[in-house]
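Okay, thanks for coming, everyone. Let me put the structure up, and then I'll walk you through a few spots in it.

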Amino acid sequence: MELWKIAARERIRDSLVRYSWSGDGLRLDELALAFCEDGELELRGQAPLRGRAAIVAFLGGTTASAASAASRHQPPPDGAAVDGRRIVRHNLTNTRFLELSPTEARVATYFTVVTEIGLDHYGRYRDTFVPVGDEWLIRHRFVSTDWHAPNSTMVARPSAISGSDNQGALRGSATQVANPG
C-alpha cells in the first residue's frame, strides 16, 4: 500500500472519531469540524442539512428533545444510569474503504449507540471524504438507522417526523448526526 493511502485512511479515521466523541459530549461545534465547510448530513428519509452551521443548529435543537425524552425514562433497575446523568456512547466498527483516490474516499461504517437504557439504536454511515489541508473531512454523510429500542431516548417515533420511514429518525444524537444514528 502506498504511503499516501495509509495517511489518508488514518486521517479519515480521525474524522470519524472526532464526530463520535464530540457528539457524545455534545460538543457540536467540534463535531461540525469533521465536515467540510459546505458538508452535508443526510438522515434517511429527510432532506440533507448543508453546511456546518445548519448541522450544529439541527443537532443543537434536537439534543434538547433527546435530553427531555431521557429524563422521562426511569433508570434501569440495575442502576445502569450513572447518577442520573445522560450517557451517550457511539461505537464504530467495520469501517470499510470502498474507494480511495487522492481526491476522494467513499467509506462505510457500522455504528451502535448505547445510552442510559442500554443499546439504544444502531445503523450505518455512508460517507464521502475529501482532503482539506492536512485533514480528510466529510463532504457528505448518509445516516441509516437500522433498529432502535422501543424506549429509545434518541430516535423519534415515525409519527413524530414527517416523511420518515418506519424505523424512526434520530433526534438529538450526534450520530445521526449527529450521530443522528
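So, T115: at 4% relative accessibility, T115 counts as buried, where buried means under 20% relative accessible area, exposed means over 50%, and partly exposed is in between, with a 1.4 Å probe and protein chains only. Before I go on, this is a predicted model, so local features need pLDDT of at least 70, side-chain atom pairs count only at pLDDT 80 or more, and totals for chains, interfaces and linings use all residues. Residues are numbered from 1 along each chain as its sequence is written, and side-chain values use heavy atoms, with hydrogens and water left out.

Back to T115, which lies in strand β4. Helices (H or I, at least four residues) and strands (E, at least two) are DSSP runs, numbered from the N terminus. Which side chain does the side chain of T115 make a polar contact with? That's D120, at 3.0 Å. A polar contact here is a pair of N or O atoms within 3.5 Å; within protein, one must be able to donate a hydrogen and the other to accept it, and residues adjacent in sequence count only if both atoms are side-chain atoms. Leaving aside neighbours within four places in sequence, T115 is in contact (heavy atoms within 4.5 Å) with R86, I87, D120, T153 and M154.

By salt bridge I mean a side-chain nitrogen of Lys or Arg within 4 Å of a carboxyl oxygen of Asp or Glu. E116 is buried at 9% relative accessibility, while R86 is partly exposed at 29%.

By that rule the count comes to ten salt bridges. Another one joins the side chains of E37 and R52, at 2.7 Å, N to O. Here E37 sits in strand β1 and R52 in helix α3, 15 residues apart. E37 is exposed, at 60%, but R52 is buried, at 18%.

Staying with helix α3, I55 is there too, and it's buried, with a relative accessible area of 0%. I55 and F35 are 20 residues apart in sequence and 9.3 Å apart in space, C-alpha to C-alpha. Both are among the residues with the most contacts inside the largest nonpolar core, which has 25 residues. A nonpolar core is a set of buried Ala, Val, Leu, Ile, Met, Phe, Trp, Tyr and Cys residues joined through side-chain atoms within 4.5 Å.
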